[in-house]
Amino acid sequence: MGAISAAAAEAVAEGEYDTVKGFTTAAYELVGEWEPDWSLFRPRQYQHAPPGLPLIPSQDHVVEDDPEGDPMHVAVIGDAHDSPHLRDKSRFRWLGAYIEERGLERVVSVGDWMTMDCFSSHSDRATFSGFAKPTFDQEIDSFHESQRAFQDGLGGHKPKKFITFGNHENRARTYDDYHPDGISHWMKVEEAFAQWGWRTRLYGEYLFLSGVGFVHVPLNGRGKPMTQNQQPNKAMCDTVHGDDHRATQMTDFKSGPFRSPTIYSAATALPPGFIEGFANKGGSTWRTGICEATLWGAVRRWSFEEMILLKRRYGRQGEDANRTMSGWAA
């Protein structure tokens, strides 16, 4: 049937028949023994790719357009947990010196610059540990000392400074909520940061720079911190956060021709090797230092410099960032 149809089309094209149906009818009315002309048969040839470069499927559907603008270079500071108990503020000068030396034009703190143990709900004032908690004024004075040290390291360099407040700064806001008849400690915290040129975001709010989200910790639909495994699964964009005190990068598979977001943990900016008391010396995954990121629609480059290297490079004789009010870190 296929051969007759092909011959009919050729006969009509050459003018021998007016219609394909006419040729087909005449062909089926022929009487006699007919054999195909096997000399005209050509077996199908399977064309193989010549040896050499392998065949590569088209990648047009996943080609990423260049983002708008120019790449942005940002310093990222993790949880510093400044406290009156940590009297030596030299680590903040080291951070500033690194930023000045690298010429970074933007600095993002992902929160918990202050510890705010004065409003900690984990220990009651009626206990020995609660009795040792600093006052709010001491917390603010300590913060200003840390900022003076940070500014000393920056020298004449004036980067734009951003902070996404963490749960520790948010302690002041929570305390005010339970004591509405008192002074606004939260306003004093915001004023303190504003005095040093920091642009602030509330706890849980995102700061976006060049398509990258910065937040102290990603929150779920109930306003609670997501688990480490949930974060890359739920993320819609590259995200930089603090809170877990680790220096990790995590991504998760997304179906379709998309670039899966990556979640970056910004570690801490604590003194080298210092572990907060609440971790009960169990913070073996904690890291302290400073992160540097190149942003251009996403995080294109990420690096982490440990605090002990900053100390070696920028430290002065007699400095010991682990020194506490009682003498030495326990």
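Biologist: His81 comes out at 1% relative accessibility; does that make His81 count as buried or exposed?

Modeller: Buried means under 20% relative accessible area, exposed over 50%, and partly exposed in between, with a 1.4 Å probe and protein chains only, so at 1% His81 counts as buried. This is a predicted model, in which local features need pLDDT of at least 70, side-chain atom pairs count only at pLDDT 80 or more, and totals for chains, interfaces and linings use all residues. Residues are numbered from 1 along each chain as its sequence is written, and side-chain values use heavy atoms, with hydrogens and water left out.

Biologist: Where does His81 lie?

Modeller: Helices (H or I, at least four residues) and strands (E, at least two) are DSSP runs numbered from the N terminus, and His81 lies in the loop between strand 1 (72-77) and helix 3 (90-102). The phi of His81 is positive, near 50 degrees, although His81 is a residue other than glycine.

Biologist: What is the phi of Asp112, and where does Asp112 lie?

Modeller: Asp112, which is not a glycine, has a positive phi of about 60 degrees, and lies in the loop between strand 2 (106-109) and helix 4 (128-131). Asp112 is buried, because its relative accessible area is 1%.

Biologist: Which residues does Thr164 touch?

Modeller: Contact means heavy atoms within 4.5 Å. Leaving aside residues up to four places away in sequence, Thr164 touches several residues, among them Ser109, Arg201, Glu205 and His216. Thr164 is found in strand 3 (residues 160-164) and, at 0% relative accessibility, counts as buried.
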